[in-house]
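Welcome! Please take a look at the sequence and the 3D picture below, and keep both in view as you read.

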Amino acid sequence: MVEDKLSEMFKKQKELMDRLQVAATIDDIRTMTLAAMVELGEMIQELNWKPWKHGTNNIANAREELIDVFHFVLELAIMLGMDSDEFADTYFKKMDVNHKRQDSGY
């Protein structure tokens, strides 16, 4: 079940954070935010995003970079005091807002 998998992801990420003795200071949150952004940059480098350059897309590597991004997103959620339930609930609430915005011509 998806909820069980998300809970397990949060649990595993928290275990790694504990092992690495990651704190949840504002500086740590900023660092993890930057790390997620860097991983997104690495992901886009795996995709042929420059129209003036001929290259190939490395979807397998892009997927791996996306997972790296998600590791940092989970870590940020945990640092901000969220658990998997709150994360999912907040996601679905925001998704409702996004659909309402589309319905209203936002």
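A residue counts as buried under 20% relative accessible area, as exposed over 50%, and as partly exposed in between (1.4 Å probe, protein chains only). What you see is a predicted model, where local features need pLDDT of at least 70, side-chain atom pairs count only at pLDDT 80 or more, and totals for chains, interfaces and linings use all residues. Residues are numbered from 1 along each chain as its sequence is written, and side-chain values use heavy atoms, with hydrogens and water left out. Helices are DSSP runs (H or I, at least four residues), numbered from the N terminus.

**A loop residue to start with**

- Glutamine 21 sits in the loop between H1 and H2.
- Is glutamine 21 buried or exposed? Glutamine 21 counts as exposed because its relative accessibility is 71%.
- Glutamine 21 is not a glycine, although its phi is positive, at about 55°.

**Salt bridges**

- Side chains of opposite charge can pair when their charged atoms come close.
- A salt bridge here is a side-chain nitrogen of Lys or Arg within 4 Å of a carboxyl oxygen of Asp or Glu.
- How many salt bridges does the structure hold? There are 3 salt bridges in the structure.
- One of them joins the side chains of glutamate 8 and lysine 12, at 3.9 Å from N to O. Both residues belong to helix H1 (residues 2-20), where they are 4 residues apart, about one turn of the helix.
- Glutamate 8 is partly exposed because its relative accessible area is 34%, and lysine 12 is partly exposed because its value is 48%.
- Lysine 14 pairs with aspartate 18 in a salt bridge whose closest N and O atoms are 2.6 Å apart. These two also lie in helix H1, 4 residues apart, or about one turn of the helix.
- With a relative accessible area of 36%, lysine 14 is partly exposed, and aspartate 18 is partly exposed at 45%.
- Arginine 30 and aspartate 27 form a salt bridge through their side chains, at 2.9 Å from N to O. About one helical turn separates them, because they are 3 residues apart in helix H2. Both arginine 30 and aspartate 27 are exposed.

- For charges, Lys and Arg count as positive and Asp and Glu as negative, while His and the chain ends are not counted. Contact means heavy atoms within 4.5 Å.
- Glutamate 75, in helix H3 (residues 59-79), is buried yet has no salt bridge.
- Which side chain of opposite charge is nearest to glutamate 75? That is lysine 14, 10 Å away.
- Not counting residues up to four places away in sequence, glutamate 75 touches Gln13, Met17, Val22 and Met32.
- Glutamate 39 in helix H2 is buried and has no salt bridge, and its nearest side chain of opposite charge, arginine 63, is 15 Å away.
- Leaving aside neighbours within four places in sequence, glutamate 39 is in contact with Glu65, Asp68, Val69 and Phe72.

- Methionine 32 lies in helix H2 and counts as buried because its relative accessibility is 14%.
- Methionine 32 and glutamate 75 are 43 residues apart along the chain, and 7.5 Å separates their C-alpha atoms.
- Beyond neighbours within four places in sequence, methionine 32 is in contact with Phe72, Glu75, Leu76 and Met79.
- Leucine 6, in helix H1, counts as buried because its relative accessibility is 16%.
- Leucine 6 touches Phe70, Ser84, Phe87 and Ala88, not counting residues up to four places away in sequence.

**Surface patches**

- Patches are made of residues with over 30% relative accessible area and no salt bridge, with like charges joined within 9 Å and nonpolar side chains (Val, Leu, Ile, Met, Phe, Trp, Tyr) within 5 Å. Accessible areas come from the Shrake-Rupley method with a 1.4 Å probe, and for residues only the protein chains shown count as cover.
- The place of a charge is taken as NZ of Lys, CZ of Arg, CG of Asp or CD of Glu.
- Asp83, Asp85, Glu86 and Asp89 form a negative surface patch. Of these, glutamate 86 lies in helix H4 (residues 84-103) and is partly exposed, at 40% relative accessibility.
- Leu34, Met37 and Val38 make a nonpolar surface patch of about 290 Å². Valine 38 is in helix H2 (residues 26-45) and counts as partly exposed because its relative accessibility is 42%.
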